[in-house]
Amino acid sequence: MDEDERMMRGVLRLARKGMGSVSPNPLVGAIVTRRGKIVGSGYHQKAGGPHAEVIALQKAGDKARGGTLYLNLEPCCHTAKRTPPCTEAILKSGIKKVVVAMADPNPEVNGKGMAILKKEGIGVKSGILNQEAEILNEVFSRHITTGLPFAALKIAATLDGKIATASGLSRWITGEKAREAVHRLRNQYDAILVGKGTVMADDPELTVRLPQKSNRRPVRIIVDSDLAASPQSRVFHLREGERVIVATTRRAEDSRKKKMEERGVEVLRIEEKEGRVSLPSLFRRLAKMGMTSVLIEGGGRINASLLNEGLVDKIYYFIALKLMGGEDSLSAIGGASPASLSSLPHLKKTKITRVGEDILVEGYLR
């Protein structure tokens, strides 16, 4: 492992520390070296706070002059809502070389930050651990380039793809370790989304519960076209700092809407598609509300709808080594059978790991 790669791995470790607190901004870490020694480091800790390179350069002080700055993401060159361009701070610091893992996907920056540094005589090297850097900021990249949140579908099913019995029994298909892993996933996403069927069948809380205390409170989103779910369901019990949104349509009765709002629940009327909430419209609305990532924990029907709409970016599929059987058991993916096998969604960049007594398959759909 050469020096640049070693330092970049340190940068990526720093960047991960901001996970769960920097949204809608990217995860960024920074290290300043001089004559092979680290003289400053930092990471972006909170949206609206100083950027990673600014923190690292401030820590380095005069020792940054003539040194090298390592970043997992190209420095910004535009004035954001709350922070000045990082390229200005780099130019003022006396840094002579900048090593970057990936270009900023933001169209306002993409390549321009590195071009400014090069024009001013600073050496720029890019592409170090590029793939790792792109995965780290996949949420930011999806959101900034499409105007949609990054959507991950979580499924917990038996070997034969069943998520519940015909009567709706589903607790617990997977083991304790898998359930803990799901709570760690929730801790990484801005929002958790389910359909009304999941609320009515399972009465979930959809909160983050981990052995170590977490201040993360993802927004809970319920898709309920006619507001059929009971306002007394546990998901609608709000504690301080929590937020619950119900996406519905014009068909929902005003009296039901009022009952939800009296509990502190936000009710969004979304345009319809075939009599149900238009999921693309909902996702665009969520992105405008500042949500850059959504973890979907729904049932077979909403899972199928999201896949058919092309809204799912990633899948976390927890497989219990059990067989349920039963033609009337509920499948992980509902909807109609495909007309041909050539149209089936195909997972890419797959990763398979053992989680306690279960197996986790991760993969991307784009």
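In this predicted model, nine strands form an open sheet with mixed pairing. Their order is E11-E10-E9-E8-E14-E6-E15-E18-E17. Strand E11 (266-269) and strand E17 (348-355) are the edge strands, and each pairs on one side only. Neighbouring strands of the sheet are turned against each other by 20 degrees on average, direction ignored. Helix H7 (residues 176-186) packs on this sheet. The helix touches E6, strand E8 (191-195), strand E14 (293-296), strand E15 (314-320), E17 and strand E18 (358-364). The direction of H7 makes about 165 degrees with that of E15.

With E6, E14 pairs in the parallel sense over four bridges. Here Phe-150 has Ser-293 of E14 as its bridge partner. With E8, E14 also pairs in the parallel sense, over three bridges. Ile-192 stands opposite Leu-295 in E14. In a regular strand, side chains alternate between the two faces of the sheet. Both faces of E14 are covered. Ser-293 and Leu-295 are buried on one side, and Val-294 and Ile-296 are buried on the other.

Strand E6 (residues 150-158) contains Lys-154. Is Lys-154 buried or exposed? Its relative accessible area is 14%, so Lys-154 counts as buried, the cut-off being under 20%. Beyond its neighbours within four places in sequence, Lys-154 is in contact with Val-182, Leu-295, Ile-296, Glu-297, Tyr-316 and Phe-318. Leu-295 and Ile-296 in this list are also among the buried residues of E14.

Further along the sheet, strand E9 (residues 219-223) and strand E10 (residues 244-248) run parallel. Four bridges join E9 to E10. Ile-221 stands opposite Ile-245 in E10.

The loop between helix H8 (196-202) and E9 holds Arg-217. Arg-217 has a relative accessibility of 44%, so this residue counts as partly exposed. Not counting residues up to four places away in sequence, Arg-217 touches Glu-240, Gly-241 and Glu-242. The side chain of Arg-217 reaches the backbone oxygen of Glu-240 at 3.5 Å. Arg-217 and Leu-344 are 127 residues apart in sequence. In space, their C-alpha atoms are 35 Å apart.

Nonpolar cores were also examined. In soluble globular proteins, nonpolar side chains tend to be buried together. The largest nonpolar core in this model has 36 residues. Those with the most contacts inside this core are Met-8, Val-32, Leu-69, Tyr-70, Ile-90, Ile-95 and Val-98. Several elements give two or more residues to the core. The helices are H1 (3-16), H2 (52-60), H4 (112-119) and H5 (130-136). The strands are E1 (29-34), E3 (68-73) and E4 (97-102). H1 gives the most, with six residues.

Met-8 touches Tyr-70, Leu-71, Asn-72, Val-99, Val-100, Ala-101, Ile-128 and Leu-129, leaving aside residues up to four places away in sequence. A second, separate core has 30 residues. Leu-153, Val-219, Val-277 and Ile-315 are among them.

Conventions: Residues are numbered from 1 along each chain as its sequence is written. This is a predicted model: local features need pLDDT of at least 70, side-chain atom pairs count only at pLDDT 80 or more; totals for chains, interfaces and linings use all residues. Side-chain values use heavy atoms; hydrogens and water are left out. Buried means under 20% relative accessible area, exposed over 50%, partly exposed in between (1.4 Å probe, protein chains only). Contact means heavy atoms within 4.5 Å. Two strands pair if DSSP finds at least two bridges between them. Axes are lines fitted to C-alpha atoms, for helices over the stretch in contact, and angles run from 0 to 180 degrees between N-to-C directions. A nonpolar core is a set of buried Ala, Val, Leu, Ile, Met, Phe, Trp, Tyr and Cys residues joined through side-chain atoms within 4.5 Å. A polar contact is a pair of N or O atoms within 3.5 Å; within protein, one must be able to donate a hydrogen and the other to accept it, and residues adjacent in sequence count only if both atoms are side-chain atoms.
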